[in-house]
Structure formats: structure tokens, C-alpha cells
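Subject: Structure handover

Hello,

Please open it first, then read the notes below it.

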Amino acid sequence: MEAVDDAAAPPLPYSAACPRWSDALRLLTRGGPSTAPDFSAPASAEVLASLRNDLRVLVVGAGGLGCELLKDLALAGFGRIDVIDMDTIDVSNLNRQFLFRASDVGKPKAEVAAAYIRARVPGLAITAHVGDLTRRPPEWYAQFNLIVAGLDSIDARRWLNATLVSLVGADAETGEVDRSGLIPWIDGGSEGLMGQARVIFPRLSACFECTLSMFDTPKTYPLCTLANTPRLPEHCVEYAHVVEYPRASPFGEGVAFDADNPDHLTWLTDTAAARADKFSIPGVTRRLAAGVVKHIVPAVASTNAVIAAACAAEAWKLATSVAGPLRNYVMLNGTSGVYSYTYETERRPDCEVCGGGGVPRTVTLDSGEVLLEDLLDTLAAEPALRTRAPVLRVASTGAMVWAADGPPALVAATRANAGKRVEELLERGGELVVTDRAMGGARTVIVTWP
Ligand SMILES: [Zn+2]
């Protein structure tokens, strides 16, 4: 490799003598066939200075992808990094979440990861935030210039998506976007040997909700989440399945769990419901339990490494303008051979989050005698809704039908409605206003029956 010529280059914020930054400098100090048309090499000193001193990047998640992301971004020259995660370190994380050691088990991931990076890459301002990302207000996100996420949940992504879209104003008549509030979001995801990375410019390119139909209903969860911070009914079912069933051996020592055995499923549903109660998580049903226990995909360290590298490269490209961004979705498939595929996802004009919203969805029940709890299952299974903890009101009267989220008194007040017939609560063809923290914004659903 050629050495960077110190004498010819303007003063640099990161010493060119330090081999750590030599590759970054090489990319910034000369053009090439891949550089963006408006890239000018002489500005590189300022670019690297701003990368270190001005640009604030938020890393969402400090798990398998998050550890890789933090390492990649820190070594790429990003100088102001924040990281948010609510989980604590479990012993099962240690094989791939390499910023953690056995002595860190039980400590918050964000804090331990930040401390490790701080010690390893001096001069970096890295701040840890321990807590639920969905409890932060939009203004909190507005302080960052760039968001890179390595999340394991579709719900958290939907929430983040709605928040980032809400920060971008658009003219109601012309649709013209006010870019001042725009924060680019680079999203990575991995499941076993499959992974994906994408670049989202809220309101300008396809948002997460625009392409929600690409994702199956999530079926895999890391054990640390199941054990320490369950927040979905699925987490409780999975915990009952993989941890409590072997421990209790309710059908005799050594009898394997059989998802097709009704007794086994009843035990699982009851056990999961008890755990869900303990964490105040609504939504454990027999149908859900049966759906969850089919398979678990293990986390693969190499998939995380590839996807995080792709995300960090995109972050670096956006921050330095050395090359144009990914347009806008790349998937990695390692299950049959190894290949990647890049394509451009498109905005949906009727997207409920970044578009016009379109027409209300219609749910057709078999009859008005269907119970509300079954309607709730139906809404959760609707690909475009996927409610988790929904709040339902009758559109015409404002009457509260169901509240799975909100003040405890409100939640308790609607609990008895679960066993009521839908026709007792809503007239045929009536409209329900559905809100859910996972969805962002309210949706109107027409409920009808023959
Ligand atoms: Zn959208």
C-alpha cells in the first residue's frame, strides 16, 4: 500500500501517521471510478474532521449486529456515537457479541459495549443509553444526524420508522418534503444465514411500512430477550417452550414437546400466559402459542459481521459523500450457497405511515357472533396491521372497545369485552379506529359479516 503524502495534504484531524486511519484517508484523499460525481478530494480533511467532531450517529441495538456496528463505525472514524439497548448480557451472547466477557453477564449491553469501544478507540465520544427505544420521544431522535439500527424485532422497526417519518414535514397540498428534519436510517437485520441491509430516507424513499409485506410474521427470538426482557406474547411462549418445559417435564421425564398434542399445547399456553401476566404482556392465545413453537433459527456470527459491515459502509458513504448510497436494499443469502442480491424497494403511495393512507381495510368475520378475542387475533394476523397491544374504539361514537395498552385502569375496564360477541360492541359494517404503538398512527378498520 502507498503511504499518504503528509506534505501535500492539508492538516488532518486524525494523524496520517497512525495506521488506524490510513485506509479512511486513502479513500478520502483521492478520487476513483466509484467516487460520487460531486466528491472533491481536497475537502477530505474537513470531511474527516466533521466525521469525528460534528456528526452524531445513533446505533440502535447493542446485540449481535450492534457489537459489530459499534466496532466498524468507531474504526471507520465516526467520533460521536450513541448507543441504545434495553437488554442485559446473557452468557449465551458471548460466542458472537464480542464486546462482552463472562464477567459482564447481567450488566446492560449498551454500557458495557460503550465502555469497551471507549477503551479500545481513544478520543471517541461514545454515550450509552439503557432503556426501551420506543419510550424515547421523537425530539430525542432528532438530535442525531444518522441512525444505524441492528434490531431483532419488526415491531421496534415499525415504531422507529413511524417516529423518523414523523420528524419529516411535508406540504399537505404539493407533497413537497421539508428535508430539514430528515434523518437517514440504515437498517440491518439477520436471521440465521440470511441477512439484509437497507437505506431509508424517510418520506423520500420506501419506508419500512411500505415494504412490511416482505417480512413474514417474526418467529425467532434471542434467548437473552426471552429470559430477561420479554416484551411480546411470543417471548413468553418461547420461554415456556425452551426453558420452562424441559425444567418442569409436565408429561413425564424425557417426553419431548409435541406441538400437535393438544395437552402439550394447553400446558404451553397456560404457562406462557402466567409468565405474560407477570410482565403485564397481553395477547397470549392458544393459536399464537401454536404458531410460535414451530422453529428457532440460531444467530450466526458471520452473517452479523457481513451485514454490519454493509451498514457501516453505507453510513460512511452518507457521511463523507465518497460514493452514492445503496439503492436501497441488499439481501444476503447463505442458506443455499452464498449470494447477495440488491434491488430498489419503492414507496407505496397509500402507505399508512409515509403516504396518503389509502382506503380503510375491511375485515370480514364469519358472523357477528365471533368473539372480540378472535377479532383481536385476526387483526394481529392481518399483514398490514400486525397489532401487538392494540387500542380499539368505535369510530362513530368514540366508545372504547379494547385497550391492551395505556393506563392500567383503562386496560382493566375493557378486559371483560374479550369474551363478548363483536355484534354486541359494533354494528355490522361499523368502523373501528385501531391504534397500536407498533403501527405508528391510527388506522380505520371496517368490520363486517354476512
Ligand atoms: Zn411508507
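Which ring does the charged end of Arg136 sit over? The ring of Trp140, with 4.7 Å to its centre. Bear in mind throughout that this is a predicted model.

Aromatic rings

The structure holds nine aromatic pairs. One of them is Tyr245 with Trp267: the ring centres are 5.4 Å apart and the planes meet at 85 degrees, so this pair is edge-to-face. The pair links distant parts of the chain, 22 residues apart. Tyr245 sits in helix α8 (residues 233-248) and Trp267 in helix α9 (residues 262-278). Both Tyr245 and Trp267 are buried.

Zinc site

Which protein atoms are the donors of the zinc ion? They are the SG atoms of Cys207, Cys210, Cys351 and Cys354, lying 2.2 to 2.3 Å from the metal. Along the chain, the donors follow the spacing C-x2-C-x140-C-x2-C.

The geometry is tetrahedral, because the four donor atoms subtend angles of 98 to 116 degrees around the zinc ion. For reference, the ideal angle for four tetrahedral donors is 109.5 degrees.

Cys351 has a relative accessible area of 0% and is buried. Cys354 counts as buried too, at 3%.

Helix α3 covers residues 64-75. From its first C-alpha to its last, α3 reaches 17 Å over 12 residues, close to the 16 Å expected at 1.5 Å a residue. Why is α3 described as largely enclosed by the rest of the structure? Because 10 of its 12 residues are buried. Among them are Gly64, Cys67, Glu68, Leu69 and Leu73. Gly77 follows α3 and has a positive phi, near 110 degrees.

Asp72 is in α3. Is Asp72 buried or exposed? Its relative accessible area is 15%, and the cut-off for buried is under 20%, so Asp72 is buried. Leaving aside residues up to four places away in sequence, Asp72 touches Ala308, Ala309 and Ala312.

Helix α11 (residues 301-320) has 20 residues. Its first and last C-alpha atoms are 28 Å apart, close to the 28 Å expected at 1.5 Å a residue. The buried residues of α11 include Ala308 and Ala312, along with Glu314, Trp316 and Lys317. Just after α11, Ser321 takes a positive phi of about 60 degrees.

An exposed loop residue

Val338 is in the loop between β9 (329-333) and β10 (339-343). At 72% relative accessibility, Val338 counts as exposed. Val338 touches Leu332 and Asn333, not counting residues up to four places away in sequence. The C-alpha atoms of Val338 and Met194 are separated by 9.6 Å, while the two residues are 144 places apart along the chain.

Best wishes

Key. Residues numbered from 1 in each chain as written. Predicted model: local features only at pLDDT ≥ 70, side-chain atom pairs only at ≥ 80, totals over all residues. Heavy atoms only, no water. Donors = N, O, S within 2.8 Å, 3.2 Å for Na, K, Ca; no water. Tetrahedral: all angles 85-135°; square planar, octahedral: opposite > 155°, others 65-115°. Buried < 20%, exposed > 50% of the residue type's maximum accessible area, 1.4 Å probe, protein only. Phe/Tyr/Trp six-rings, centres within 6.5 Å; stacked < 30°, edge-to-face > 60°. Helix = DSSP H or I, 4+ residues; strand = E, 2+ residues; numbered from the N terminus. Lys NZ or Arg CZ within 6 Å of the ring centre and 35° of its normal. Contact = heavy atoms within 4.5 Å. Expected span 1.5 Å × (residues − 1).
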